[in-house]
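Hi,

Here is the structure I said I would pass on. Have a look at it first, and then read my notes below.

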Amino acid sequence: MTKTYDEINCKIKNGNCVVVNAEEMIKIVEDMGITAAAEEIDIVTTGTFGPMCSSGAFLNFGHSDPPIKFEHLWLNDVHAYHGNAAVDCYIGVTRMADKRPFEYGGGNVIEEFVSGKPIRLRGTSNTTDCYPLGEIDTYITLDDLNQAILCNPRNASQRYICATNSTDKTIYTYMGKLLPNYGNAHFSGSGSLNPLCNDPDYETIGMGTRIFLGGGIGYVIGEGTQHNPSQRFGSLFVKGDLKQMSSEYLKGVNYEQYGTSMFVGLGIPIPILNENLAAKTAIKDENIMTEVVDYGIPRRERPILRKTNYKELKSGIISLNGKKIKCSSLSSLFHARKIANELKKWIEEGIFFLNPPAEQITKNTTFKPMKQSSQLKFVKELKKEAVICYDDCDIKVVAQKIIKKNCNHIIITDHQNNLEGIVTSFDITKAIAEEKTELKEIITKKVITTSDNEPIEIAARKMKSNDISALPVISDTNKVIGIITAEELM
């Protein structure tokens, strides 16, 4: 059984096209079987709504009188990129405001543009004979612009990992705020509603595919940046007219101690051209696999703790080493469903037609990490063996170890090698001067630590900012595995 785009578009025009969303398709295939479902269903709609950091907009302001050629410009104090023609710019959603970083950024500007709010445009110029104006300060709205093109080099990611944190401190990431000691976990993506999960072989999604984007109509330009379909991390490069869009489907977002981004609503119709597509669009959350990854390790290749799937992730709880961990989504499943249903409505009403891709998206890309001309060093390369005393030791024993080992730092642990504190040679000197006899009277319990996989630049920064000269190196389970001092760093 095969269908064509022309046949399906004819059905849309005549008002008898059968459209369902991806969640509905699962039940239809279960009830009717693949062959009958392929004959009955013409289009399956998909949707996703979540943070898409590789997003932004090209804007054209028109010419001032006298004309200006921007060298620098700001939109509500967010520095935009000027390196186009005289009065064109690109504003990225992760660019933070100069005066309110982490609270306001490019994503917020785009949302406010779409909401109809006036935006302050401030610009400076080096001036030329044909562009003599030196600076401008004005207010504009979306209607004042000639063109406003949402242009997102990496959107609609096929899947995301689930992030958690093994360390004993809270960390702030693009996957949200991750609590210590596996206190929570975060994931993103809409699972069975996700466009690229429903057409993983790019049979219908390619250059020129018409899509739902931000509440308006957009198009796929090609493969997205970091497109890695062999590892099920496909992505799309998309664009659309910002003037058609809605702030309901473009939302600026601000991550605590990380930065700014924007939630983007995106949906793609999958025409059921054959039985293979009927089968693929019936994919279930339990069949979309991903990994739970430890973001406490600051490396490109973070440890994979276990495999999981979107059914478990969407349940709100994952299991890790026998521990139940609360798991939250950075995406909105509510909005993903709303997008799939809105797109379904457009097709049923005959206002959205399909177009075949002008060019297929490749599935054979080679994903490359950044080439680094100099090798980055990590703590594990410079750490040395720690000199350790137990927390029930006498001060005299600690002093003798300092002399015997010719060191300035003694790490204090319990008998299971768990970190309890640190004592320096200065602490011992001060104890003698003040006639203190108990180790607990001089031990520093609030200890700044490091780990094997921390870059030495970060370790050096910790020492400088805390005015200390050594960091105990600890494992994920708070066991002391070494020490790094200012001498090693020097």
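Let's start with the contacts, meaning heavy atoms within 4.5 Å. Among those in the protein between residues at least 6 apart in sequence, 67% join residues at least 24 apart.

Before you go further, a word on where this comes from: it is a predicted model, where local features need pLDDT of at least 70 and side-chain atom pairs count only at pLDDT 80 or more, while totals for chains, interfaces and linings use all residues. Residues are numbered from 1 along each chain as its sequence is written, and side-chain values use heavy atoms, with hydrogens and water left out.

Now the overall picture. The protein has 13 helices and 31 strands (DSSP runs, H or I of at least four residues for helices and E of at least two for strands, numbered from the N terminus). Its C-alpha atoms fill a box of roughly 95 × 70 × 35 Å along the principal axes. Of its 490 residues, 50% count as buried (under 20% relative accessible area with a 1.4 Å probe, protein chains only; exposed is over 50%, and partly exposed is in between).

Next, find helix H2, residues 22–32. Ala 22, Met 25, Ile 26, Ile 28 and Val 29 are buried there. What covers them includes strands S1 (19–21) and S2 (43–45), plus helices H3 (34–40), H5 (195–198) and H6 (275–280). Just after H2, Gly 33 has a positive phi of about 90°.

Then there is a helix pair. H10 (residues 395–405) and H11 (residues 425–433) pack at about 135°, with axes 10 Å apart (axes are lines fitted to C-alpha atoms, for helices over the stretch in contact, and angles run from 0 to 180 degrees between N-to-C directions). That makes H10 oblique to H11 (under 35 degrees is roughly parallel, over 145 roughly antiparallel, 65 to 115 roughly perpendicular, and the rest oblique). Ile 395, Val 398, Ala 399 and Ile 402 of H10 meet Ser 425, Ile 428 and Ala 431 of H11.

Lastly, is Tyr 139 buried or exposed? Tyr 139, in strand S9 (residues 135–140), is exposed, with a relative accessible area of 54%. Leaving aside neighbours within four places in sequence, Tyr 139 is in contact with Pro 118, Ile 119 and Arg 120.

Cheers
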